[in-house]
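Colleague: I have the model open now, could you walk me through it?
Modeller: Gladly, let me bring it up.

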Amino acid sequence: MINVTKEAAGWFKNELGVQEGQAIRFFARYSAGGTIHPGFALGIGIETPVSPGAVSEVEGITFYMEDKDLWYLKGYNLNVLYDQKHNDIEYEYETAEA
């Protein structure tokens, strides 16, 4: 499950110029770091959904992860929060209930 706060959705609008009716895709990408999967981190892109496996709509924006990328969140919920101190978004991975 993907949960995005209204404040985080506002960040996407302000920083990336995302408008109502557009979509933000979250996907697994190779990275030197990584929180829940070493060697992978969460990437974002402004893309139209093809085969969404997890979807959330906030402030007119669709936030989603394609079905093929859901392995990254297996056992977790993704919370996308706004960090006012750093004017940035942050990801919180919450253990999903079985």
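Colleague: What should I keep in mind about the numbering and the source of the model?
Modeller: This is a predicted model, in which local features need pLDDT of at least 70 and side-chain atom pairs count only at pLDDT 80 or more, whereas totals for chains, interfaces and linings use all residues. Residues are numbered from 1 along each chain as its sequence is written, and side-chain values use heavy atoms, with hydrogens and water left out.

Colleague: Is arginine 25 buried or exposed?
Modeller: Arginine 25 counts as buried, at 13% relative accessibility, where buried means under 20% relative accessible area, exposed over 50% and partly exposed in between (1.4 Å probe, protein chains only).

Colleague: Which salt bridge joins arginine 25 to aspartate 69, and how do they sit in the chain?
Modeller: Their side chains meet at 2.7 Å, N to O. Aspartate 69 lies in the loop between S5 and strand S6 (76–83) and arginine 25 in strand S2, so the pair ties together parts that are 44 residues apart in sequence. Aspartate 69 is buried as well, at 8% relative accessibility, and Arg25, Glu47 and Asp69 are linked in a network of salt bridges.

Colleague: How many salt bridges are there by this rule?
Modeller: The count comes to three. One of them brings together the side chains of glutamate 20 and lysine 13, at 3.9 Å, N to O; there glutamate 20 is exposed, with a relative accessible area of 61%, and lysine 13 is partly exposed, with 24%.

Colleague: What about glutamate 66, which side chain of opposite charge is nearest to that one?
Modeller: That is arginine 25, 5.1 Å away, and glutamate 66 is buried yet has no salt bridge; for charge, Lys and Arg count as positive and Asp and Glu as negative, while His and the chain ends are not counted. Leaving aside residues up to four places away in sequence, glutamate 66 touches several residues, among them Arg25, Phe26 and Thr48, contact meaning heavy atoms within 4.5 Å.

Colleague: How far apart are phenylalanine 26 and glutamate 66?
Modeller: They are 40 residues apart in sequence and 7.8 Å apart in space, C-alpha to C-alpha. Phenylalanine 26 lies in strand S2 (residues 23–30) and counts as buried, at 0% relative accessibility.

Colleague: And where is glutamate 66 placed?
Modeller: Glutamate 66 is in strand S5 (residues 61–66). Six of the six residues of S5 are buried, so the strand is largely enclosed by the rest of the structure. Ile61, Phe63 and Met65 point one way from S5, and Thr62, Tyr64 and Glu66 the other way.

Colleague: How does S5 run relative to strand S4?
Modeller: The strands run antiparallel, with six bridges joining S4 (residues 52–58) to S5; two strands pair if DSSP finds at least two bridges between them. Serine 56 stands opposite phenylalanine 63, and glutamate 57 has threonine 62 as its bridge partner.

How values were computed: Helices (H or I, at least four residues) and strands (E, at least two) are DSSP runs, numbered from the N terminus. A salt bridge is a side-chain nitrogen of Lys or Arg within 4 Å of a carboxyl oxygen of Asp or Glu.
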